[in-house]
Amino acid sequence: MSKRTTGLAIEAEGLTRSFGETRALAGMDLQVPAGTVYGLLGPNGAGKTTAVRVLATLLRPDGGRARVFGHDVVAEADKVRSRVSLTGQYASIDEDLTGIENLVLLGRLLGLRKAAARERADQLLTAFGLTEAGTRQVKKYSGGMRRRIDIAASILNTPDLLFLDEPTTGLDPRSRNQVWEIVRAVVAHGTTVLLTTQYLDEADQLAGRIAVVDHGRVIAEGTPGELKSSVGSGTVHLRLRDAAQRPDAEKVLQAALGVPVQLEADPLALTARVGGEGSDLAASEQAARALADLSRAGIVVDDFSLGQPSLDEVFLALTDHPAVPADERDEQLEAAR
Amino acid sequence: MSDTATTTGRAPSVYVPSAEALATVLAPGERPPRPSALGASLTFGWRALLKIKHVPEQLFDVTAFPIIMVLMFTYLFGGALADSPRDYLQFFLPGIMVTSVVMITMYTGVGLNTDIEKGIFDRFRTLPVWRPAALVGMIFGDVLRYVLAAVVILSVGLVLGFRPDGGLVGVAAGIGLLVVFSFAFSWVWTFFGLVLRSEKSVMGVSMMVLFPLTFLSNVFVDPSTMPGWLQAFVKLNPITHLVAAVRAAMGGTSDPTNTMWLLLWSAGFVVVFGTLTMYRYNRR
């Protein structure tokens, strides 16, 4: 096991790949330490899935090179394949077949004999809470169950590196938590996980390191803490009672926080980032002081909130453009329901 | 079938992932040796059988379609081209069997295209197995459909009065030749299934190839009645060789020249389109 958890699981240099006019990968560099969860964070169309497909030997890069556990993904694809597994964004299992049949099929393709494949399938179904669903066709599974059978199929041969492409997109919160628990168990056991996600909190919860991806390249990389502090660890939203007080409130906040304050379209609302670089105080402490200063200045605050920076805010800070266009985000929320 | 479905009698409860349970399945056992090329192909063939079991409607096109073809053409042309439908059938049945089965081969491409669309091939293509296995296994499953279609057509023919001189052995040999050719010809469709974007375009291209190929042959009428330029094409057409060889086998004789041409064509299809298919499969 020690062999599996040292060194780099993935090294990629300058990967490029275009589809017609679209440059999906525009020189992507990645270094993923073995034995960790590594998050690729970015909006739809950022190039996350293309990167995963190149690294999983499904797609050839136009340029650049990538190695998985030291094996080149193009020249030594077969060696890479024997050590990785992929759970794609879409079902990577046969929906016409039952859960058991899917797992036995893959077990046999990995070289298990009939009885051993059947035994392995039963073990996996038990561990993933799918024993009763095992004899049903996968197309009759709920979204969460489908994800689980998909991941179960991916760890059939206990891979050294597991690719999870947006494993929780479209899942309800409970199913999402289940997937998170499974990912934690998988990495605790020594498997490296490369996870793509659109959600900062998911990357935050699971990943040891995160690469923020936009337009086919990595625009920021680091631990979740490093990334957040580069953006500010929190955002304060305020709503005043009286719009006339907003100019005063802006001055007070600016003085208290030492950061630029944003005036929202709503004439009563203000937003500011707190807990950024160069501040010794925790975000909550800064916010509390700012609130006290406001009340001392006689400014009435009707609504106050302190939140983590959203993916949108991280993106705005890093790229000056929002992560997900608003209409697209609505569609995603719609799909998630 | 299942000891697993009966072990738990309680109502479905919320799944709580347990670290211990997951740890047991994650413990790395011996990595078994990778399966042989044939073993992997047969496993993929088993998948095709399971799909037939779960979605039996897909057999509609290998049963109903051939029956319609036989009935339609026997009574449409029988009176005009021979003294009676029954007489025509002695000449026509091997040909319509070839036409129907060869037309069914296009579903190999359609099926592959849908499979790829759904994402399951992403998993297959990341498995460390013999690369063509997924496709060979798929065609193994299709071969079963070809045999089924051939038997359905033979049965309808026998009911309508087809009496082959070759007997059981001759008929089996004829179906054997047909299956060999269809297996080889299926690789044309795996290639198009990989190259074309949608199921619809695969269907479109298949029809464009299959109609001239099956109709401009010796299936329906004697080629000596055709103009010279058409005869030249008909003579070249692999379907003509196949029909001649199958007719001979079912008629209790043999036709070594046409059989040889048919086998050469089959080998050519596998070599050329098998290679092209695998090139596309690896390079998507």
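Predicted model: local features only at pLDDT ≥ 70, side-chain atom pairs only at ≥ 80, totals over all residues.
Residues count from 1 along each chain as its sequence is written, while chains are lettered from A and ligands numbered from 1 in the order in which they are written. Local features need pLDDT of at least 70 and side-chain atom pairs count only at pLDDT 80 or more, but totals for chains, interfaces and linings use all residues.

**Exercise 1.** Work out the strand order of the open sheet in chain A, and find which helix packs on β11, β12 and β13.

*Solution.* 
1. Helices (H or I, at least four residues) and strands (E, at least two) are DSSP runs, numbered from the N terminus. Two strands pair if DSSP finds at least two bridges between them.
2. The order is β12-β13-β11-β14 (chain A), with antiparallel pairing.
3. β12 (261–263) and β14 (301–307) of chain A sit at the edges, each pairing on one side only.
4. Now zoom in: three bridges join β12(A) to β13(A), residues 269–274. A:L263 has A:L270 as its bridge partner in β13(A).
5. The helix is α9 (residues 246–257) of chain A, which touches β11, β12 and β13. Contact means C-beta atoms, placed from the backbone, within 7 Å.

**Exercise 2.** How many residues does each chain bring to the contact between chains A and B?

*Solution.* 
1. Chain A gives 48 residues and chain B gives 40.
2. On chain A's side, α4(A) supplies the largest share, six residues.

Terms used
Contact = placed C-beta atoms within 7 Å. Axes fitted to C-alpha atoms, helices over the stretch in contact; angles between N-to-C directions.
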